[in-house]
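Visitor: I am new to this structure. Please take one part, look at it closely, and then show me what lies around it.

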Amino acid sequence: MQPSTTVGSPYSSISRITFISRLLATDVSALKTTSLKWNSTNNLFICRNSKNPFSTPKASLSGDTSKTQLLDLIDDDQDVVRQVRRSADWKAARAHLENGNVYQGRVEGSNGGGLLIRFYSLVGFLPYPQLSPSHSCKEPDKTIQEIAKALTGSLISVKVIHAEEEKRKLIFSEKEAAWSKYSNSVKVGNVYQAKVGSVEDYGAFAHLQFPDGLYHLTGLVHVSEVSWDLVQDVRDILNEGDDVKVKVIGVDRNKSRITLSIRQLEEDPLLETLEKVIPQDGSADSSSDSTTDYVIEPLPGLETIIEELQREDGIIDIKITRQGFEKRVVSQDLQLWLSNAPPNGNQFTLLARAGRQVQEIQLVTSLDQDGIKSALQRVLERVP
């Protein structure tokens with residue numbers, strides 16, 4: 001007996017779709033131009049055209065009255081079919097998220113915050129910060145809105161980074177897709193040409209240029225890795241769009257982060273001029289003073305540091321032995337360094353610098369180099 005389809009009938013919506021599925025099951029051989037998938041949750045066959053996955057499912061049947069009624073039922077229940085199809089696509093989105101799959105998504109358009117990306121029957125969102133830097137580096141004179149407009153209709157590689165069907169939130173990232181493709185070639189010690197992106201108080205982001213000429217990945221140059229000089233404001237040295245050379249000093253593959261340095265491609269100015277200002281063989285040039293018949297006045301702030309350092313365990317004696325003057329001012333602020341000069345027994349060399357003046361400090365200690373660095377760190381945290 002054929003179920004009724006009148007308003008209020010118990011055979012509306014899902015019951016009618018179940019009936020459709022049973023009819024489909026009796027004559028699947030007739031569906032020659034469609035791909036047939038079984039949805040076990042609702043006992044429903046989904047028919048989708050293999051050439052156009054976004055088309056509305058249809059059956060091409062002829063013959064008896066029951067199959068004619070089947071077509072009528074399909075027409076009546078398009079909303080239900082679309083709902084089931086969307087549910088299947090949400091399931092696919094979650095699978096992409098869990099497996100980290102890269103998807104070729106069509107850009108449907110854009111708004112003030114990002115791109116609209118087609119994912120089968122769904123449309124998700126790609127925020128502008130999740131775009132690959134290759135677009136803005138390729139066309140630096142264009143605004144992000146102009147770049148987005150030019151991308152409309154094209155396919156871009158993306159990853160699903162958030163899929164929540166209940167809230168209808170489907171978020172994509174082109175940066176994550178680029179990371180999957182290019183990050184394996186990035187190693188600590190590699191040197192890249194790069195273009196400076198945004199500049200923040202804590203450092204500058206730099207986009208790495210790859211052999212194809214495009215800038216696919218972004219790393220951070222922390223403020224401490226910008227220059228050997230003391231940097232008060234990164235913007236005094238770097239600006240967005242600057243071309244720089246950077247060295248990779250860290251890669252966190254779990255967090256998709258690259259740490260970069262500019263200063264490590266240059267020699268430390270103090271070590272570079274050390275042999276000229278305070279020769280390591282003990283001799284002094286015309287700009288240095290190694291006489292020992294008077295007490296050398298410590299640089300401003302250095303005396304307090306020495307007093308605090310003497311309170312540390314393992315520190316036996318500290319003495320300023322000589323001083324010299326550089327030809328240029330590297331920094332007006334006091335800087336304290338552990339020299340690379342090899343220790344003489346338990347005696348290490350510290351160097352203090354402010355303005356053009358450099359002072360050599362002999363430190364007698366039972367600590368090793370790492371112990372000295374830790375002691376210096378503790379002292380510098382205590383001294384204002």
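Predicted model: local features only at pLDDT ≥ 70, side-chain atom pairs only at ≥ 80, totals over all residues.

Guide: Helix α8 covers residues 302-309, and helix α9 covers residues 369-382. They pack at an angle of about 125 degrees. Their axes are 10 Å apart. The crossing of α8 past α9 is right-handed.

Now look at who makes the contact. From α8 come Ile305, Glu308 and Leu309. From α9 come Ala375, Leu376, Val379, Leu380 and Arg382. Sort the residues of this contact between α8 and α9 by type: six are nonpolar, two are charged and none is polar.

Leave the helices and turn to the barrel. Five strands close into it, in the order β8-β9-β10-β12-β11. Their pairing is mixed. Neighbouring strands of this sheet are turned against each other by 55 degrees on average, direction ignored. A helix packs on the sheet as well: α6, residues 174-182. Helix α6 touches β10, β11 and β12. The direction of α6 makes about 95 degrees with that of β10.

Strand β10 spans residues 215-222, and strand β9 spans residues 203-209. The two run antiparallel, joined by seven bridges. Opposite Ala204 you find Val221 of β10. Opposite His207 you find Thr218, also in β10. β9 and β10 form a hairpin, with five residues between them. Gly213 sits in that turn, and its phi is positive, about 90 degrees.

β10 also pairs with β12, residues 257-261. Here the strands run parallel, and two bridges join them. Leu220 has Thr259 in β12 as its bridge partner.

Strand β4 holds residues 114-119, and strand β5 holds residues 122-127. They run antiparallel, with six bridges between them. Leu116 is bridged to Phe125 in β5. Two residues lie between β4 and β5 in this hairpin. Tyr120, in the turn, has a positive phi of about 55 degrees.

Last, the aromatic rings. A search of the whole structure finds seven aromatic pairs. One of them joins Tyr103 and Phe119. Their centres are 4.7 Å apart, and their planes make 55 degrees, a tilted pair. This pair links distant parts of the chain, 16 residues apart. Tyr103 belongs to strand β3, residues 102-110, while Phe119 belongs to β4.

Definitions and conventions
Residues numbered from 1 in each chain as written. Heavy atoms only, no water. Axes fitted to C-alpha atoms, helices over the stretch in contact; angles between N-to-C directions. Helix = DSSP H or I, 4+ residues; strand = E, 2+ residues; numbered from the N terminus. Left-handed = near helix turned anticlockwise from the far one by under 90°. Contact = heavy atoms within 4.5 Å. Nonpolar A, V, L, I, M, F, W, Y, C, P; charged D, E, K, R; others polar. Pairing = 2+ DSSP bridges. Phe/Tyr/Trp six-rings, centres within 6.5 Å; stacked < 30°, edge-to-face > 60°.
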